[in-house]
Amino acid sequence: MIESLALLQQGADPKVINQALLDFGFPVGGISLADEVGLDVGAHVVQNLMGDEPRFLGVRMEGADTSMQGKFVEAGLFGRKSGKGFFDYSDPKAKDKPVSKEAAQILKDFQHPTKSVKDLKPEQLAERMVLRFLSEAVHCLQADVISSAVHGDIGAVFGIGFPPFLGGPFSYIDSMG
């Protein structure tokens, strides 16, 4: 979630991020998933994960201006349930949902002044998001949140839709060397 926010703030298009994750093998793009879960829920989760105590993720949650999520919530952009989030759901027949005008404005307001990912290919955008996920999977193993890499692989494939043909995050790490 945080890496997606960082990419958006560095100029990545929400539709390109979605497609990059679909092309990588996830069953749904991360931006669409945020809209489905609810941007208000996502903002609450991020706030609960931040902090300096050991039970929080602290520095591992850095990299994006998370106050942007609050702007979505203030604007009533909760995602599909409110009819608008990152995407506009007002036309139920539209297969390709457009980025909502309100979201586009918020993204513009939070555009990073110097960092830009506009030259990155979709594969590179997906890699940034996936590498952050892989790093967190390793943290979970090191902190005994999961008891083994195999359990992490199974949980990620069946629990969050990690691309099964990659075997899970730990199998994918092993394949990368």
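I began with the helix pair α1 (residues 2–9) and α7, whose axes come within 9 Å and cross at roughly 150 degrees. Since an angle over 145 degrees counts as roughly antiparallel, I noted α1 as roughly antiparallel to α7. I keep in mind throughout that this is a predicted model.

I then looked up the hand of this crossing, and found that α1 passes α7 in a right-handed sense. On the α1 side the contact is made by Ile-2, Glu-3, Ser-4, Ala-6 and Leu-7, while α7 contributes Leu-125, Arg-128, Met-129 and Arg-132. Sorted by class, the residues of this contact are five nonpolar, one polar and three charged.

Next I turned to α5 (residues 67–74) and α6 (residues 101–109), where the axes come within 10 Å and the crossing angle is again roughly 150 degrees. By class I have five nonpolar residues, no polar ones and one charged residue in the contact of α5 with α6.

Last, I checked the backbone at Asp-144, which has a positive phi of about 60 degrees although it is not a glycine. I placed Asp-144 in the loop between α7 (122–142) and α8 (149–160).

Methods:
Residues are numbered from 1 along each chain as its sequence is written. This is a predicted model: local features need pLDDT of at least 70, side-chain atom pairs count only at pLDDT 80 or more; totals for chains, interfaces and linings use all residues. Side-chain values use heavy atoms; hydrogens and water are left out. Helices (H or I, at least four residues) and strands (E, at least two) are DSSP runs, numbered from the N terminus. Axes are lines fitted to C-alpha atoms, for helices over the stretch in contact, and angles run from 0 to 180 degrees between N-to-C directions. Angles under 35 degrees count as roughly parallel, over 145 as roughly antiparallel, 65 to 115 as roughly perpendicular and the rest as oblique. A crossing is left-handed if the near helix is turned anticlockwise from the far one by less than a right angle, and right-handed if clockwise. Contact means heavy atoms within 4.5 Å. Ala, Val, Leu, Ile, Met, Phe, Trp, Tyr, Cys and Pro count as nonpolar, Asp, Glu, Lys and Arg as charged, and the others, Gly among them, as polar.
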